Amino acid sequence: MSHLRGFYLLVAAALLLPLIFPDNYYVTVVGVTAALHAILAVSLNLLMGYAGQISLGHAGFFGIGAYASAILTTRYGWNPWPAMLFGLVLTGVVAFTLGRPILRLKGHYLAMATLGLGIIINILLVQTGSLTGGPDGLGGIPTLSLFGWAVDSDLRWYTVIVSVLLAVVWLVLNIINSRSGRALRALHGSEVAAEMMGINTTTTKTGVFVLAALIASLAGSLFAHQQAFVSPDSFSFFFSIELVTMVVLGGMASTYGAIMGAIILTFLPELLVVFEDFEVLIFGAILMSMMIFLPQGLFVGMQKLWRRVATEESRRGAA
Amino acid sequence: MFDQILQFILTGITVGATYALVALGFAIIYNASDVVNFSQGEFVMLGAMSTIALSAGNGLPLWLAAACSVAMVICVGLMLQRFAIAPARGASVVTTIIITIGASIFLRGLALLLWGKDIFGMPHFSGEVPLRIGEATLLPQNLWVMGGASVLVLGVHYFFNHTTHGKAILACSCNRTAAHLVGINVGMMMLIAYGLSALLGSLAGILVAPITFTSYDAGVMLGLKGFSAAILGGMGNPMGAVAGGLLLGLIESLAAGLISSGYKDAIGFVILLLVLFFRPSGLFGKASAERV
Amino acid sequence: MALLEVHGLSKSFGGVTAIADLDFGVPEGQVYSVIGPNGAGKTTLFNMLCGIYSPDEGSIRFLDREIIGRLPHQVAELGVSRTFQNLQMFFNMSVLDNVKVGCHLRTRGRIWSNALRLPGTRREEKQAERWAREAILFCGLDDYLESHADALPYGVLKRLEIARALAASPRLLLMDEPAAGLNDTETKQMRSLIRQISGTGITVLLVEHNMGLVMDVSDRILVIDYGSRLAEGPPEAIQNDPRVIEAYLGGEIEYAV
């Protein structure tokens, strides 16, 4: 199927990397973080890039998933899998009840409401110390195990998280290129026209909000088990903005772009350790200049450049 | 109990006056250019930080340091308009939101680079001997904040209602093309609006810094609070934004005192969400019909 | 029994009357035009017919079912589709995908079935693609099949909107100024396209300023002024109606296309 061509490349790359560079820090450690970020960016892109609904509070749902897993497994001795499921259900309920009134808003108001939601969730994580461990966080989270196969090495975590990423990407690509995905994109193009084509814009918006939140929650649970430790800092307003930056950098309304943005922004601080003080400055500069000079993002920009080069070549070949 | 509440109210009005100035800055830019400037809080931080750097670091007298830093922040505001907002004209709301968020992160990064992560204090303008009102106390600096904010708010009110430039900016917000056609220099009006916002932000920062201290990331929460206040009062109405600021300051102070200080920010945002859900035009704004 | 029956319809905005006590009926299978000077309330009328505005008073019955109180997507479910005066294209999508959105109501696939690409979804996607291609071909847009909507000229977009509306296979098609902004050749193409649409049995309700086009394609015409009915009848009667000539056309009519 044509819409999955890029996906097979992605699968090949994900398989080959650890084979070519076994036990490489940048593959099995930074790479895992990048994959986790990519899951989040792909889900946010579904909401922001395709459906055109900005969210500045996506880290909140990531946090709900992470803390549901952390609290239930450490404090109540739950098995990680039902804990993860509980996190998903809780996220779904929160996203569904708040999604409807929030997504009635547009533009700046929507931005502010999602931002407020994210901050409220973060404050709750800090303040309910008896449950969450407060600002100091919560440690000792057990690792995952699947039919006796414990996920206890970097390579195994790579396998698990990259598999989840690939599964999420596959599902999202299928959605985008089908009836429900077209409804999402129509919402972005023109809400009035979408309504007139029989699309219930209210349920569609709530639906995509819930779906994006569920994916973020799943990523949160994985993050908690992989790190064995969670603290509210990982789910702050700043992380929500970082996720937005990933989506914008790679290119809105491009799933591969979101992955690319996540990879770049995860590796950039690693590679620029020397410039640690410049990190914040560079982040800001990227966000601003991308939106001003290349609002379609790097991935789409590169695609266009590539196409231009290709047509030049064929023209030269013909002449 | 009464004295305690009076104390919360006095604190609330001081904090609220700061929010009001930030909210006013938001409302001015929003009304002039339909952009929500997420870097408004950074103006506040830059005003305070650069004043401290100039006075403590370079030994300038406080008033001179303050004047220099206000001028500098105004330049930052003008540059923001000229190099970040103006090139993206006609872009979607999402685009402008991300640009101004980018600008705010950039300015924060700049402050981090220049001054590090330390928390800085500023000397009080006229001593720290508290005034007594019953059992409640009030620092002279609180009066500086309230007085300064009042003067600025009245000044802005006069500017928009009684001067040609002020009215011209409002005209740009109603209809840019029409404003251009009647001979208003739209580009210049945008610069004035951003400069004015930067002026308000930096002065707010300088006035409140002796009480709250400041650091490179102090602008984030202040910016968000200012934006909440502007929405609370109604974005379309600058004086509504001022009222929203005062109200938010009061609510937070009372919530912090009577409920829990840890939840004071959360309560502010919960109220923001409720206003957005039930009265998106703000408490003091006029409801606007949606056009199809 | 007409396909669309409007009775005693009124709507005002903040004291300004847009539509006042309007009655008319659109018989099935006809091309029915609504004309009137700018600001006569034509677009307001359209927005009420498809559920975007809700009227202050009156009733709108389509296939003997009340439209008032239904949301636009529910009106669309009854079999009403429309085009817009100011283009409402999905500029973030290709021509083919734009028209596929038109097939939304003719397909049922839910998000989970779409996400897993279940056999039902595969079948439906193929079907939607066939329907969309038919509509694209019908509107003469086959050259632009894979183009992105934001790269197309105005005249093509006007037809693309119609293709999208037709892909929904409507009983009633509302067309809001399909010829506005088109040049002579494009207007002629539009005229034959409207005839072709009518030829397939779809009832067309047309708002248009180009009198030549209106007189040429319409079976019946409703003239409104200040939101009220001024005259109604077949084109010849309207052309010769002194009230229309006096009040609306100011005594001078140009019938050139």
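Arg61(C) is partly exposed at 31% relative accessibility, where buried means under 20% relative accessible area, exposed over 50%, and partly exposed in between (1.4 Å probe, protein chains only). Its salt-bridge partner is Glu66(C), with the closest N and O atoms 3.5 Å apart; a salt bridge is a side-chain nitrogen of Lys or Arg within 4 Å of a carboxyl oxygen of Asp or Glu. Glu66(C) is also partly exposed, with a relative accessible area of 23%.

This is a predicted model, in which local features need pLDDT of at least 70 and side-chain atom pairs count only at pLDDT 80 or more, while totals for chains, interfaces and linings use all residues. Residues are numbered from 1 along each chain as its sequence is written, chains are lettered from A and ligands numbered from 1 in the order in which they are written, and side-chain values use heavy atoms, with hydrogens and water left out.

A further salt bridge in chain C joins Arg220(C) and Glu232(C), whose closest N and O atoms are 2.8 Å apart. The pair links distant parts of the chain, twelve residues apart: Arg220(C) is in strand β9 (residues 220-225) and Glu232(C) in strand β10 (residues 228-233). Helices (H or I, at least four residues) and strands (E, at least two) are DSSP runs, numbered from the N terminus. Arg220(C) is partly exposed at 27%, and Glu232(C) is partly exposed at 24%.

In chain B, salt bridges that share partners join Lys225(B), Glu252(B), Lys264(B) and Asp265(B) into one network. Over all chains the structure holds 20 salt bridges. One of them, in chain A, pairs Glu191(A) with Lys106(A) at 3.9 Å, N to O. Glu191(A) lies in helix α10 (residues 191-196) and Lys106(A) in the loop between α5 (80-103) and α6 (107-127), so the bridge ties together parts that are 85 residues apart in sequence. Glu191(A) is partly exposed at 22% relative accessibility, as is Lys106(A) at 42%.

Chain A has 15 helices and four strands. Its radius of gyration is 20 Å, close to the 20 Å that the globule rule gives for 319 residues, so chain A is as compact as a globular protein of that length. The radius is taken over C-alpha atoms, and the rule is 2.2 Å times the number of residues to the power 0.38. Buried residues make up 56% of chain A.

Chain B has eleven helices and two strands. Of its 292 residues, 52% count as buried.
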